[in-house]
Structures are given as C-alpha cells and as structure tokens.
Amino acid sequence: MLNRIESAFAQRDRTEHELRRSEERLRRFVADASHELPRRGCVSAYAELFERGASTRPEDLHRVVTGIRTETDRMSRLVSDLLLLAALTRAGPWS
C-alpha cells in the first residue's frame, strides 16, 4: 500500500511539473505573439508608400512589395500558430 501511495505522489509531481512546463511555453508564446502583433502597422505603412507614388518608381515598388510579402508571411505564421494553439487547447487534457 505504501508503494502505491508513493507512486501516486510521484505521478502527481510529474503531472504538476509537466503542467508548469506547458504553462511556461504558453506564456512565452503569448509574449512572442504580443510582440509580433504591433508589426501589422508595417503593412499599412508599405501600402501608404505605394499610394504616395512608389508604384511609379521601380526601385521603391520592389521595396514596398517585398516588405508587404515579408510582413504578411510573418502574420500568416502567427495566425497559424494561434489556430494550432486554440486547437490543442480544445483537445488538451484540461478540456
């Protein structure tokens, strides 16, 4: 009986440790995401450059289009990660 009690406590400790690690990963992810989200303004800035005449200057147009692609790719990855997180949260053991 003592072995079963010790085993149950050990399992509880492992589970708590895993939950703490999972929560820490989630906190890090959310912190990273919150730093990335303000970058959405970059796309607006590139669009404004385009509207102000970059479309008529090939060197500026290339920079604007490259910037828009870079920022939209970054936002797409972030949204994909957030969707995955939401799916994992729904499917997790705590749901």
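A residue counts as buried when its relative accessible area is under 20%, as exposed when over 50%, and as partly exposed in between (1.4 Å probe, protein chains only). By that rule, buried residues make up 9% of the 95 residues in the chain. The model is predicted: local features need pLDDT of at least 70, side-chain atom pairs count only at pLDDT 80 or more, and totals for chains, interfaces and linings use all residues. Residues are numbered from 1 along each chain as its sequence is written, and side-chain values use heavy atoms, with hydrogens and water left out.

**Fold and dimensions**

- The chain holds three helices and zero strands, in the order α-α-α along the sequence; helices (H or I, at least four residues) and strands (E, at least two) are DSSP runs, numbered from the N terminus.
- The radius of gyration is 23 Å, whereas a compact globule of 95 residues would have one near 12 Å; the value is taken over C-alpha atoms, and the globule rule is 2.2 Å times the number of residues to the power 0.38.
- Along the principal axes, the C-alpha atoms fill a box of roughly 80 × 20 × 15 Å.
- Of the contacts (heavy atoms within 4.5 Å) with a separation of 6 or more, 53% join residues 24 or more positions apart.

**Surface and charge**

- The accessible surface of the chain is about 7,800 Å², and carbon and sulfur atoms account for 59% of that; areas come from the Shrake-Rupley method with a 1.4 Å probe.
- There are 17 positive and 15 negative side chains, with the centres of the two sets 2 Å apart. Lys and Arg count as positive and Asp and Glu as negative, while His and the chain ends are not counted.

**Salt bridges**

- Side chains of opposite charge can pair when their charged atoms come close.
- The structure has seven salt bridges, each a side-chain nitrogen of Lys or Arg within 4 Å of a carboxyl oxygen of Asp or Glu.
- Arg57 and Asp60 form one of them, at 2.6 Å, N to O. Arg57 is partly exposed at 36% relative accessibility, whereas Asp60 is buried at 19%.
- Salt bridges with shared partners link Arg12, Asp13 and Glu16 into one network.
- Glu16 and Arg12 pair at 3.9 Å, N to O. Because they are four residues apart in helix α1 (residues 2-36), Glu16 and Arg12 are separated by about one helical turn.
- Glu23 and Arg27 also meet in a salt bridge, at 3.9 Å, N to O, and both lie in helix α1, four residues apart. Glu23 is partly exposed at 42%, and Arg27 is exposed at 52%.

Technical notes
The place of a charge is taken as NZ of Lys, CZ of Arg, CG of Asp or CD of Glu.
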